[in-house]
Amino acid sequence: MSVNQADTVVVGAGIVGLAHALAAARRGERVVVFERDEFAVGASIRNFGMIWAVGQQRGAIYERALRSREIWLEIASKTGLWAEQSGSLHLAHRPDEVAVLEEFVAATPAARDRGVAMMTAREALDSSHVARPEGLLAAMWSPTELNVDPRRAIPAVAEHLISEYGVDIRFGTTVRSVDLPTVSTTAGEWRAGRVFVCSGNDFATLYPDAFADSGLVRCKLQMMRTGVQPGGRPLGPMLCGGLTLLHYAAFDGLTAREALAARMNEELPYHREHGIHVLLSQTADGRLTIGDSHAYGLTHDPFEDEGINEAVLDYLGTFADLPDPRVTERWTGYYPSLRDGRTELVVSPEPGVTVVNGVGGAGMTLSFGLAEEVVGG
């Protein structure tokens, strides 16, 4: 019986797996990707499509996000993939929100060097036709955020790997076991020099002991999408409000954040209990994506809580006025998350095998940069 050959095997064709396949292929390696589903259905298509550098941990992780942004733009230039350099606005309607943003800008020269700056309320309203003017005090502008449409972007990246680099992507194929140099799959036996296991939310099938010791849990989220907005007018900058300042690691350690958290805990206990913060982005055809919530555990019930959706929409209304806010889609998403401050899990359960997981909700933002570091390391 013939055995197929590859230099590198990647398990999983979500954004983390595709990024590792790209990094290996760019080194001239023969790469095969195995994905058990017939097309991408996981967290990589159930998200905002935000390449959200400004929210990432200050320092090396921020730089990793910016490198990922460069790669997204490179792929877009070669493929025609929709990638809108929209930037982002953090809208501040309360003084404690302004204080956090001002402290962040003052404390983060790397962001200032890339154009992150405070805006007056008038400047913010001139930049965004949906920003709510009532009570708006100021905003923080960041030009580095990139908007892609995940349901189109993930298939486009896969096709780019196939056409540009000759990567072999086998959808509908399950990896049964790895015993290098042999990789056993439902499409036969393969011989490979190394394997990257990027299996996302399924972190128990291969190397369950490694995952049991990893600290990974699953995050369940709820998201929504509107129809195409009247007149097809573009959203402009992606938007968020004060709750987002309590969610992203970029704002950890800022003195002003403590007062904001205390107020939010008192005024919005339901939102805080359900890990709600609210972001607004757009799809390639003009629909608006809204979310989200965060619940952490190893196993979650499969049901949506309409109270969470209502809370998300209520909070969105405090900083944005949508021309047509009617929701046409609702969904849940699940992704693996580390709850101890680590930004990713990279472990080697045996020689030649690297498990990459746990990038949390920042897979679209960090995966390309992370993969370059892991594959070339």
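This is a predicted model: local features need pLDDT of at least 70, side-chain atom pairs count only at pLDDT 80 or more; totals for chains, interfaces and linings use all residues.
User: What does UniProt list for residues 7–374?
Analyst: The UniProt entry, which is unreviewed, gives "domain: FAD dependent oxidoreductase" for that stretch.

User: How much helix and strand is in there?
Analyst: Over residues 7–374 the chain is 32% helix and 28% strand. The end C-alpha atoms lie 16 Å apart.

User: On to packing. Which residues have the most contacts inside the largest nonpolar core?
Analyst: Leu91, Phe104, Phe251 and Leu280. That core has 67 residues.

User: What does leucine 280 touch, leaving aside neighbours within four places in sequence?
Analyst: Its contacts include Met50, Val130, Leu235, Met238 and Leu239. Leu288, Ile290, Leu316 and Leu322 are also among them.
Analyst: Another core, of 41 residues, lies apart from the largest one. Leu22, Val33, Ala158 and Val356 are among its members.

User: New topic. What is the strand order in the open sheet with 3 strands?
Analyst: The order is β3-β8-β4, with antiparallel pairing.

User: Why is one side of β3 and of β4 left without a neighbour in the sheet?
Analyst: Because β3 (50–51) and β4 (83–84) stand at the edges, and each has a single partner strand.

User: How many bridges join β3 and β8?
Analyst: 2 bridges, with β8 covering residues 146–148. In one of the pairings, isoleucine 51 has leucine 146 in β8 as its bridge partner.

User: Which helix lies across β3, β4 and β8?
Analyst: Helix α2, residues 60–79. Helix α2 runs at about 50° to β8.

Technical notes. Residues are numbered from 1 along each chain as its sequence is written. Side-chain values use heavy atoms; hydrogens and water are left out. A nonpolar core is a set of buried Ala, Val, Leu, Ile, Met, Phe, Trp, Tyr and Cys residues joined through side-chain atoms within 4.5 Å. Buried means under 20% relative accessible area, exposed over 50%, partly exposed in between (1.4 Å probe, protein chains only). Contact means heavy atoms within 4.5 Å. UniProt positions are given in the numbering used here, feature names are shortened, and annotations may be inferred rather than shown by experiment. Helices (H or I, at least four residues) and strands (E, at least two) are DSSP runs, numbered from the N terminus. Two strands pair if DSSP finds at least two bridges between them. Axes are lines fitted to C-alpha atoms, for helices over the stretch in contact, and angles run from 0 to 180 degrees between N-to-C directions.
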